[in-house]
Amino acid sequence: KPGEQKHPKEPSSLQCMHLAVVACGDRLEETLIMLKSAVLFSNRRLCFHIFAEDSLKPEFEKKLKEWPSSYTKKFESNIYPITFSVGNAQEWKKLFKPCAAQRLFLPVILKDVDSLLYVDTDVLFLRPIDDIWHLLREFNSTQLAAMAPEHEIPKIGWYSRFARHPYYGTTGVNSGVMLMNLTRIRSTQFKNSLIPGGLTWEEMLYPLYQKYKNYITWGDQDLLNIIFYFNPECLYVFPCQWNYRPDHCMYGSNCRGAEEEGVSILHGNRGVYHNDKQPTFKALYEVIRDFPFEDNLFQSLYYPLQSKFLDTVHTLCGRIPQVFLKQIEKTMKKVYENRVIVYLGANHRY
């Protein structure tokens, strides 16, 4: 409309899909493989927000610069120190794994970012980030974050059996993949168990931690569960194929969305990329890690995966290889078709 002020953040957030990760300790390689999977399959430009210990910053800068220019032009990256805006920094650092609580402060730190996808370091994208980014459009007027359930079956879920604090829904939610509308988070007054009125996100974090710190096991994930227990209307729950973990196949297949559509985002929690407990997860990690950037995706990624999966058929997760391969295959076909069409278009005049 004439004379209407445009929101200054809008153009950049429309052009860029914002992806945040927190890396401390020995998580450098894992984080780089996650970022690599994001770049390999994404269509639109990416903005990486990497929160890392000071010692890791030069390593990230060096490694990301080594990627070929055809890929580095697809993203920009910002590396931030670990900081906690409220409460006791040492306490936050010790909550669950080193630095994990940093993710609770993203709405406060990234003030100019409208929407954001946060992932743990042990996540791999098996399809374009664009597809999960589109879920932001499905939020209703009160929803400001999206996560997947912690478990599909309440009777074997962790929260439903052991939690000593409030949690979302019947099985709780897993925070390893979290889509956030930061603008809404910053402007919302949250219901809570501390005072009768509402509190902002930043006001609520430390008092909530103080109240429940003796009852929480999974750190920041438990705090998020407590927040959304009191504010269920604020959460959009996405299906399990967007946060697929060993729990979804190690006791038999229990993620219907992955059976139908394939795994969209793989979450190798419990260190499964680095031990031999779940060879299917490890195979995916190693193939993406070893993929030479400029090579043919089918030849250097898909075929090695297929052959590695043959060695995992003795495991429950290995018996359903199509669940892990379906989205990768679909994504590669699209990439291939686009290249062929572009190539033909450049060389033929009809």
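Which side chain does a polar contact of 3.0 Å join to that of Glu30? Hold that thought, everyone, and thanks for coming.

A word on what we're looking at. This is a predicted model, where local features need pLDDT of at least 70, side-chain atom pairs count only at pLDDT 80 or more, and totals for chains, interfaces and linings use all residues. Residues are numbered from 1 along each chain as its sequence is written, and side-chain values use heavy atoms, with hydrogens and water left out.

Let's start with the whole chain. The protein chain has 15 helices and 9 strands; these are DSSP runs, H or I of at least four residues for helices and E of at least two for strands, numbered from the N terminus. Its C-alpha atoms fill a box of roughly 65 × 60 × 40 Å along the principal axes.

Of the 350 residues, 54% are buried. Here, buried means under 20% relative accessible area, exposed means over 50%, and partly exposed is in between, with a 1.4 Å probe and protein chains only. As for contacts (heavy atoms within 4.5 Å), among those between residues at least 6 apart in sequence, 72% join residues at least 24 apart.

Now back to Glu30, which sits in helix α2, residues 28–41. Glu30 counts as buried because its relative accessibility is 6%. And the partner I asked about is Arg27, at 3.0 Å. A second polar contact, of 2.7 Å, joins the side chains of Glu30 and Thr121. By polar contact I mean a pair of N or O atoms within 3.5 Å; within protein, one must be able to donate a hydrogen and the other to accept it, and residues adjacent in sequence count only if both atoms are side-chain atoms. Not counting residues up to four places away in sequence, Glu30 touches Thr121, Asp122, Tyr273, His274 and Tyr285.

Next, another glutamate: Glu59, in helix α3, residues 57–65. Glu59 is partly exposed, at 32% relative accessible area.

Last stop, Gly198, in the loop between α9 (182–187) and α10 (201–212). At 33% relative accessibility, Gly198 is partly exposed. Beyond its neighbours within four places in sequence, Gly198 is in contact with Gln189, Phe190 and Asn192. Phe228 lies 30 residues from Gly198 in sequence and 13 Å away in space, C-alpha to C-alpha.

That's my tour, folks. Over to you!
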